Amino acid sequence: MRNCGVLLPVSSLPSKYGIGGFSKEAFEFVDFLARAGQTYWQILPLGPTGYGDSPYQSFSTFAGNPYYISLEKLVDEGLLTAAECEAEDSFDNESYVNYEKIYYTRFKLLKKAFDRADINGDNSYQSFVKENEAWLKDYASYMAIKDSLGGISWIEWEEDIRLRKPEAMARYQKELAEEISFYCYQQYLFAKQWKELKTYANKKGVKIIGDIPIYVAFDSADTWANPELFQLDEKNIPIAVAGCPPDAFSATGQLWGNPLYRWDYHEKTGFAWWIRRMEYCFRLYDMVRIDHFRGFDEYWAIPYGDETAEFGEWKKGPGYALFAEMKKQLGNRPVIAEDLGFLTPSVLKLVKKTGYPGMKILQFAFDSREESDYLPHNYTNNSVVYTGTHDNDTVNGWIPAMNRRDLAFAKKYAGVKRTKDLCPALIKMALASVSDTAIIPLQDYLELGSEARINTPSTLGGNWEWRVTSEAMTDELAKKMLEWARIFGRVAR
């Protein structure tokens, strides 16, 4: 079945308190998508973010970002007052997220709510803690210990707690009992409010596409609590880390620094951790996009301590064995394979064998020097087409950076004469393609420029900040989106 949707991070939603979240504006956005005939809302990873604010470097692969908890709902429940929220979280700029300000104010408010909550008498809270004990206690302990040590990475902790020696674990859990409970409570609020929003979206006919990085962050509860899953030595120091080799875009490659998986161990356990991770994702989302899918075929291993990615080597990943086990235990669940970049025959074979749709990016199509797999006449049905992703500029930001030859080719291919008509033409091109699913970033429907870009890879600062305003999502825009979805057979007539 043909369908379409919109890409917009939760953090980019409008809201009263400085960052998008699970407030009434999120429900209004779902209403907007439903009016616009959209089947999908694609978001970015929902995990708690650290230095750099990237959702792809999270403190936990299971936990949710406490910034998204709706303060208004806590006011409605009598856990906060509107005056307290206004005093701590008054924001001047509704178009960008000020992460530093949120970091210094949000936890104070959540702590007030926690202090007023009766967690011991709250059966739903107690049930949540029990149902999520496989990851929750480790995450809450990790965050509480991290806070108590000034926020330093666990690799810098004293050896007894870094290596999770029983006496050290017992001591910290006793000393930090209240702080650990506070982090558990944040996750309870996040899960409760996210479930309400997802249930509302599904009732409106809107499905959620979630997103997970292939790797976890080194500075995360996952790595600290489960060192056996990763390529670490006996002192839990990485042996090698993740990244990408040098290419036309980067002479020294990309050094991500994530710990690499010990795939032989995962295989021996029947990929138990990965199955648990994916099962949890399918509770949160209706469909899951897995980032850097090629890493399951081969991954670039860079010696730990290297300052660039130049001297890594390709190593074999788990291949189809992981997905065979996943399908056996979870059934054939909907996954999007992020198969962008240089793809070898073995990667293409793996994606094909899984049956998962790959991604097509229209901004990658218009390189006049060579025939491109990203041009729509080369697509197959089993694919998801985008004008761009969160890592691309907006279409109207990308156009001025094109060389004249590429721009001329794009206009000719799209059948437009004026450059200003190219953005809507590319959206229609995506919707008209044979791809079963078309996902368009909201910024492109709004025809915004580089000021609305979400992320510029390999840069620090200025990313993940853009937010849409409520005024931008007009009935007129919804009608236009609905009309286009109907014209190209992506919504029931």
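Student: Which helix supplies the largest share of the lining of the second largest pocket?

Tutor: The model is predicted, so local features need pLDDT of at least 70 and side-chain atom pairs pLDDT 80 or more, while totals for chains, interfaces and linings use all residues. Residues are numbered from 1 along each chain as its sequence is written, and side-chain values use heavy atoms, without hydrogens and water. Helices are DSSP runs of H or I with at least four residues, strands are runs of E with at least two, and both are numbered from the N terminus. The largest share of this lining, 7 residues, comes from helix 4.

Student: Which residues lining the second largest pocket are the closest to its centre?

Tutor: On a 1 Å grid over the protein atoms alone, a pocket is an open set of points with protein on both sides within 12 Å along at least five of seven lines, a cavity is a set where a 1.4 Å probe fits but cannot get out, and lining residues have an atom within 4 Å of a point. Points are joined across faces, edges and corners, and a volume is the space filled by probe spheres set on them. The second largest pocket holds about 770 Å³. Of its 30 lining residues, the closest to the centre are Phe59, Tyr67, Tyr103, Phe107 and Asp147.

Student: How do the residues of this pocket lining divide by class?

Tutor: Ala, Val, Leu, Ile, Met, Phe, Trp, Tyr, Cys and Pro count as nonpolar, Asp, Glu, Lys and Arg as charged, and the others, Gly among them, as polar. Helix 4 (99-116), helix 6 (136-148) and helix 9 (177-203) each supply at least two residues of the lining of the second largest pocket. That lining divides into 15 nonpolar, 7 polar and 8 charged residues.

Student: Which helix gives the most to the lining of the largest cavity?

Tutor: The model has 5 cavities of 30 Å³ or more, and the largest contains about 220 Å³ of space. Strand 3 (207-212) and helix 12 (272-284) each supply at least two residues of its lining. With 4 residues, the element that gives the most is helix 12.
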